[in-house]
Amino acid sequence: MIAPASAADEDIALVTNPWPALLLGLSAGAVAFVLGAVVGAWYLPKVGLFLLALVSAGVGVWIRPRAPEILAVAALTALLVYWAMDFETSRPETALLWDSAQLVVGVMAAVAAVACLLVLVPRAAARAVVSVLVLLHFGGILTAVFSVPTPGGDPPAAWLPNELWLRFYRPYLQFVYLNNAYHFYSPEPGPATLLWARVEYTDGSSRWIKVPSPADLDKDPLGQQYYRRLALTETLNSTYPTPVVPDAIRHQRVTAGQQFPRGPIPLHPYFSDTIQYKVPTEIARRTIASYARHIARHSPHPHDPELPVVGVKMYRVVHNMMRPAEFLRPDVDPLAKFLFVPYYLGEFDADGNLKDPNDPLLYWMIPIVPRYSLPPTELRPFQVQVLPDPRKAPIVGADDYLTRHAGSSPWEGDR
Amino acid sequence: MTHDPTERPVNPEKEAVAGGEGGDTAANGRGFRQRLREVVQAWNRFWFTPADPTPLGLIRICTGLLVLYIHWAYGTDLYELMGPEAWLDLPTMNLFRTEFPYMKQPSSWEEEPLPEPTDPAERKELEEFRARWNRDKRQAIALGQTAWSIWFHVTDPGWMLAVHRAFLGIMVLYTLGVATRITSVLTWLAALSYINRGQTSLFGVDTMMNIALIYTMIGPSGAALSVDRLIGRWWQTYRALRRHEPPPVLRPQPLVSANFAIRLMQVHFCIIYFAAGISKLLGNSWWTGTALWWTLANYEFAPLRYPFYEEALRWLCRHRWLWEITMTGGVLYTLVLEIGFPFLVWTRLRGLMVAAAVLFHTGIAVLMGLKMFGIAMLVLLMSFASPQTVRQFVRTLGRAVPVREWEYSATDRRQLLLASLVHACDVSERIRLRERSARP
């Protein structure tokens, strides 16, 4: 408002002296540094000094962005703040106090120092340096594009881009958040993933939490927060590939299904074992536990909010899309039960601890099977069967083993 | 959209071929040097030609509005997504950002596993790490992420709300172009705070918003269509009028940095399209022509909850030929656009490619529900608009004001300031200032 937007506008600036702001920033940085060295706590005054130092230095640079001495003083100010923060971040007990802020300040100092050098060297050299930086920048973006694993690839991803990404570009791309591979809707546009959780209270009552819920659509006019919820659940899709299900694991699953207290839960007859058993990656497992904790803490009983939660059963639910032929059928709609494919992610306590890590049904699909009006066939329970092509047979319902497994129906009493 | 006349044709190879021919070694050497010089000149022209900052100013305003909406919407979910007990809670987030292992790739075809350490303490540490991440810590290149967020550090609900509101205020200033060099950096850092804390709730719009923020921060996005510029214009006019000079012609000065930022945005946009296009070629449904169907029939994204939409799909399914033509046509449109755009947008087909991309993203916004993502892509697409088009658009906005004269007295300071302000605001040049004492 009072300073030029760039050096080219300098002749129209109202304020042209950057030194008061710069010196104020430098002094604040120096005081913060001394305070950091002498006093352990006093975090709030220190934060104030950090902000004052950085913003003042920024104002100085804004007033005269192409003066090397200004950039040098700004770099020094940022460095002082960085060192002042280091008194806390270097100690294990306060390491996380403002470590990421320190990272930003370090980057600011580095940018100001590089800018200082750039304005000092001749224009041709500065352009050469900027050109190299441009190439490095887009080179990094390309490594992010080409280091994504391909489906079924052996090796899963290109070695060289991965190596460059891991060893050279990762810190930069992560800091500026330019890590996206831009593989939108590829290789295939997949179905949405939902999270369904059954919360059980000490009195034995329960409720279902579904993410996202239709209510999320109304949080803002353009549905932004609804899509954020969809992204939350999409994270749960991170699973290890299942080339084969070991016999022992399958046997345990089948046996547990046969002996399930509320009645048998067979394997899904229309999906192979490798599709029915999906083990989440470590990062997904920790995310699931965190989601379970969140649900347990923020889903009070509808009638008695004080009632403690005793368990949260979590399901990753893939909502399959209807095929074109199914759109012609009057007995199928986009919310047909059998289009929902749940995977059991475990039962958690209120602190997000998995109650039974050895549950034989853990990470297995819990089938919801369409019931077709077909001529009677010989059923062989707990075995994958080839049934008559149901696409032309009328659907008369669905065998909902999810309700049996969870202990209550997810189709009623939605959040 | 028209071509930018300041842009010279950028086809280094073609130019180089035209420039260099030679029969002997010396001539070949000269030819090579000549070609190299031409490539360097083409590179210079592409990146370092001064350009009107008006398009960048317009992109800043649109980015600012987008950023404001996105972060205003966070307000309804601040504690659910950013708080210490968020869906991804702070202890888990801290574990990810400080300890997530980035593993080495094998440097040979057959890599031997590392021997177990003999030191019990080291072995215990490795076992604990293995229990958490199912990885050998010694094989990790790095642990944790280089990511910043204020929400890693500010967790008290009251302070969170205060910081959130302060960020919204900064974003308003950025949108208006107030102290843009500072507010653009602060806005980007604020946006990164939400991105890095809510890592499991991100989608395409965050990626595109971040790209627009980075390049408007690098470039002089406050040099046009901003309060910064307005005050500059005001001050410039005031000084001229005070000296009894005619009011100055106030056009933004072409800047190398404006061109540089626009070019960065354009190249990045091309990479996005190219990556999105070629990665689709790996998918069966993009080959069989059914990919579009799986996006249109996705209940969570497409407007399937509206009966008219569901009925339209049912009608389409009843007409196989029409269905096939629509789906295959849509897939072809997507692939040709995404793969062709990065090459054709630099040719005379720029207008066509940009129009096709506008249609594409409008379709995504309407039929796939990703409204904000569509808007973010359109904002980035604006980098391909020529400065003339943008300036014309801005002038058209002011056409509603009738042409008129504004009299002032150079001896009255208040009148002088007011007249200067009127002239500064008059981007469409509809108002002519006239000094009262200068009248015949």
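Colleague: What are the ground rules?
Modeller: In this predicted model, local features need pLDDT of at least 70, side-chain atom pairs count only at pLDDT 80 or more, and totals for chains, interfaces and linings use all residues. Residues are numbered from 1 along each chain as its sequence is written, chains are lettered from A and ligands numbered from 1 in the order in which they are written, and side-chain values use heavy atoms, without hydrogens and water.

Colleague: What makes A:Arg229 and B:Asp77 a salt bridge?
Modeller: The rule asks for a side-chain nitrogen of Lys or Arg within 4 Å of a carboxyl oxygen of Asp or Glu. In this pair the closest N and O atoms are 2.8 Å apart. So the pair passes the rule. Seven salt bridges are found across the interface of chain A and chain B.

Colleague: Which residues are linked with A:Arg229 and B:Asp77 in a network?
Modeller: A:Asp216, A:Lys219 and B:Glu80 join them in a network of salt bridges. A:Asp216 and A:Lys219 have their closest N and O atoms 3.8 Å apart.

Colleague: Why is A:Asp216 called buried?
Modeller: Buried means under 20% relative accessible area, exposed means over 50%, and partly exposed lies in between (1.4 Å probe, protein chains only). A:Asp216 has 7%, so the residue counts as buried. A:Lys219 has 27% and is therefore partly exposed.

Colleague: How far apart in the chain are A:Arg250 and A:Asp273?
Modeller: They are 23 residues apart. A:Arg250 is in helix H8 (residues 247–258) of chain A, and A:Asp273 is in helix H9 (residues 273–276) of chain A. Helices here are DSSP runs (H or I, at least four residues) and strands are too (E, at least two), numbered from the N terminus. The closest N and O atoms of this salt bridge are 2.4 Å apart. A:Arg250 has 21%, so this residue is partly exposed. A:Asp273 has 18% and is buried.

Colleague: Why does the pair of B:Arg132 and B:Glu99 tie together separate parts of chain B?
Modeller: B:Arg132 lies in helix H6 (residues 120–133) and B:Glu99 in helix H5 (residues 90–99) of chain B, so the pair ties together parts that are 33 residues apart in sequence. Their closest N and O atoms are 2.7 Å apart.

Colleague: What does A:Glu282 touch?
Modeller: Contact means heavy atoms within 4.5 Å. Residues up to four places away in sequence aside, A:Glu282 touches A:Tyr240, B:Arg132, B:Trp133 and B:Asn134. A:Glu282 is found in helix H10 of chain A. Its relative accessible area is 11%, so the residue is buried.

Colleague: How many residues of each chain are in contact?
Modeller: 106 residues of chain A are in contact with 119 residues of chain B. The buried area is about 9,900 Å², of which carbon and sulfur atoms give 64%. That is the accessible area (1.4 Å probe) that two parts lose on being put together, summed over both.

Colleague: How do you know that strands E1 and E2 of chain A pair?
Modeller: Pairing needs at least two bridges found by DSSP between the strands. Six bridges join E1(A) to E2(A), so they pair. The strands run antiparallel. A:Leu195 stands opposite A:Val211 in E2(A).
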